[in-house]
Amino acid sequence: ARIALTMSLGVALFGLGRAGTIHFNGITKNRRIELLYIVEEETTKAEQAIKSNGLRAAPKVVEPAHTAQVLGDSAVDFVVVATPTHAHEKIVRAALHAGKGVFCEKPIAKSIEAVAEIYDEAKRVGRPLFCAFQRRFDPDFRS
């Protein structure tokens with residue numbers, strides 16, 4: 001599915017730790033992205049981030065047990081996975097299975113075989129899968 005640049009993208013953010021907070025700040029500053037969900041075990045941390053950011057439309061804050069609800073929401077186009085490493089693979093696979101695009105902090109999975117399978121799945125379902133390497137595009141680290 002192609003998404004017109006004039007539309008906003010519905011995003012669910014999984015994890016609001018160090019990397020998740022960086023993504024939260026970037027997402028909330030982009031007018032073409034609508035943050036629909038924050039999936040976080042520490043729901044009070046997520047609610048506090050929303051309150052301190054003064055968002056015009058507050059995302060729903062849910063615990064990881066409600067992942068199926070988030071991925072089942074047709075308004076969610078992409079997920080950003082910034083959870084602890086051990087949770088990445090399960091979330092990425094579920095998101096792709098639900099037809100969502102995925103932006104995941106490294107690593108996507110614990111084995112190279114699992115990573116290859118997941119990229120094959122992304123290709124099969126026709127959804128983008130991007131593995132983030134922190135500061136990859138930081139001008140201070142480019143040569």
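Which elements cover the buried residues of helix 5? In this predicted model, what covers them includes helix 4 (88-97) and strand 6 (129-132), where helices (H or I, at least four residues) and strands (E, at least two) are DSSP runs numbered from the N terminus. Residues are numbered from 1 along each chain as its sequence is written. Because the model is predicted, local features need pLDDT of at least 70 and side-chain atom pairs count only at pLDDT 80 or more, whereas totals for chains, interfaces and linings use all residues; side-chain values use heavy atoms, with hydrogens and water left out.

- Six strands form an open sheet in the order 3-2-1-4-5-6 with parallel pairing, two strands being counted as paired if DSSP finds at least two bridges between them.
- Strand 3 and strand 6 are the edge strands, each pairing on one side only, and the twist from one strand to the next averages 20°.
- Strand 5 (residues 101-105) pairs with strand 6 in the parallel sense over four bridges, and Glu-105 has Ala-132 of strand 6 as its bridge partner.
- Helix 1 packs on this sheet, touching strand 1 (9-14), strand 2, strand 4 (78-81) and strand 5, with contact meaning heavy atoms within 4.5 Å.
- The direction of helix 1 makes about 150° with that of strand 2; axes are lines fitted to C-alpha atoms, for helices over the stretch in contact, and angles run from 0 to 180 degrees between N-to-C directions.

**Helix 5**

- Helix 5 (residues 112-125) has 14 residues and reaches 20 Å from its first C-alpha to its last, close to the expected 20 Å, the expected span being 1.5 Å times one less than the number of residues.
- Its buried residues are Ala-114, Ile-118 and Ala-122, where buried means under 20% relative accessible area, exposed over 50% and partly exposed in between (1.4 Å probe, protein chains only).
- Seen down the axis of helix 5, these buried residues fall within an arc of 80°, so they line one face of the helix; the arc is that of the directions from the helix axis to the C-beta atoms.
- On the other side of helix 5, the exposed residues are Ile-112, Glu-113, Asp-120, Lys-123 and Arg-124.
- Gly-126, which follows helix 5, has a positive phi near 70°.

**Helix 2**

- In helix 2 (residues 43-53), the residues Ala-46, Ala-49 and Ile-50 are buried, and they lie on the same side of the helix because they cover an arc of only 95° around the axis.
- These buried residues pack against helix 1 (18-29), strand 2 (33-39) and strand 3 (60-62), while the face turned away from them carries the exposed residues Thr-44, Gln-48, Lys-51 and Ser-52.
- Just after helix 2, Gly-54 takes a positive phi of about 65°.
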